[in-house]
Amino acid sequence: MDDMKRKFGVDIGYSVAWRGRECAYDNLRLGTPEQSYKLLPGYLHMLMATNPGSVVNMEVSDGNKFQYLFIAFAASIHGFSYCRPVISIDAIHLKGKYRGVLFTAVCHDANQQIFPLAFGVGDSENDASWSWFLGRVKSVFGVNPALVIVSDQHRSINNAVQEVFPQAFHGICMYHLLNNLKTKFRNKTKELEQHYIRTAKTYNLQDFHVLFYTLCSAVPGVKEYLEAVGLDRWTRSHAPSRRYNIMTTNISESLNAVLVKVRELPITAFVNEIRLLCQKWFHERRTKAAGCTTMMSKDIETKLEERKDRAQAMGVICADQYTFDVVDGECNYCVDMALWTCTCRKFQLDQLPCDHVLAVVRKTPYQAYDLCSLYYTREFWHETYRGVISPIPHISSWTIAQEISEFELQPPDVRTVAGRRRKRRLPSIGEEIPTPKCSRCKERGHNRATCQNPIALHPADEAECPGSNLPTRQPTRPSDQQSMQQL
């Protein structure tokens, strides 16, 4: 309203300004939310035409009303074969007019970065929508005997994984479980944070029993709760399948954070933003992998160098050709190069040489690179991003069959709530909420524009002011008798 008054000298009301802004947004967002649904079938047809091999499924209900959508790019389908078989799944709520939920399935590439596998859109997080999405994931990516699925403790996810992937191991994100523990044991949050993370992350079973006993002693009642959840689902030491270093759903949360600003867009514009993001990631990482000159990916090379530095201070005692005793401070570890094992269990669980194995490599003809999993190599990293996600031409250049162009997809039936959409999610109990920090007084809780705190003089400035350290005396009003004497 102020801009219209300043530029054109016209006074407009709030409703007129709001409607004008919405019209401008519709032009940028490929039409209104209703028009965006009608445009979606043609967009999906062009996506499959420009990216052959991609899998796109859309289901509609009675009256041609949108129900579910699934997208897996051909480049992602090809690249998953070169990634560790650990899939993180999560959902993020959409904030458009017709709301909905975005389902995501991601994993780690050789360089420890997010590799997007599949995306889905449904009405909400329920048993039917999660089962439908995971069913499409299974049909596209198949079933790996060593497959591990990591998620939070959502009941619908548990039901869907048991139904669709009964043979896969379903692990729980340790940080989501920690938040649930903070909710149940509110008076023991400090003790939980102090002992729980170490207990969940430890590789060694003996260390786990010691840490778990300490945790249960500090927080009464937590033992029964965690055993009911299942020790194998949240601990690294008890997991029946190899989780590598993926103990959380942080990669899913990071992807959700990237998409947080575009989730307000209409459906077609939102799907296009996902395609643009994946297209950008694949190009940047393909270029980065092609320029790698080391045997392993850059992140793994850095990790190996750090472990080699720590291994130099360790002593190695040879027992035979394959068995070695490694002295690490006050602890001894047994390394078996024939079985690829170390008693610390980090070597066999992560498939990456631990400090003790690298200490043996330093004293023997073994090569560190030969002891690393292929999932960490430069070749697998480059092959992961070999596929290309192609752009989609402007709508004026689309070539669509008549039955697709005539199909009018309708928005789903949702109850529209009055008022503005909530943009920020409600924080969990025990979750730290970031607060702004004032750049003026360096205190938290406000910013520079609203700061009302007095700023003390700098010590150098005080030294330049003569008499600044002298004691001050409040002026006093002379008495009436003194005033008469002066007169």
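Start with residues 315–318 and 323–328: these are strands E8 and E9, a hairpin with four residues between the strands. Strands here are DSSP runs of E, at least two residues, and helices are runs of H or I, at least four, numbered from the N terminus; two strands pair if DSSP finds at least two bridges between them. E8 and E9 run antiparallel and are joined by four bridges, with Cys318 opposite Phe324 in E9.

Before moving on: this is a predicted model, where local features need pLDDT of at least 70 and side-chain atom pairs count only at pLDDT 80 or more, while totals for chains, interfaces and linings use all residues. Numbering runs from 1 along each chain as its sequence is written, and side-chain values use heavy atoms, leaving out hydrogens and water.

Thr323 has Asp336 of E10 as its bridge partner. In the hairpin of E9 and E10, with two residues between the strands, click Gly329: its phi is positive, near 70 degrees.

Now for salt bridges (a side-chain nitrogen of Lys or Arg within 4 Å of a carboxyl oxygen of Asp or Glu); the count is eight. Select Arg310 and Asp355, whose closest N and O atoms are 2.8 Å apart. Arg310 sits in helix H14 and Asp355 in helix H16, so the pair ties together parts 45 residues apart in sequence. Asp355 is buried at 13% relative accessibility, while Arg310 is partly exposed at 42% (buried is under 20% relative accessible area, exposed over 50%, partly exposed in between; 1.4 Å probe, protein chains only).
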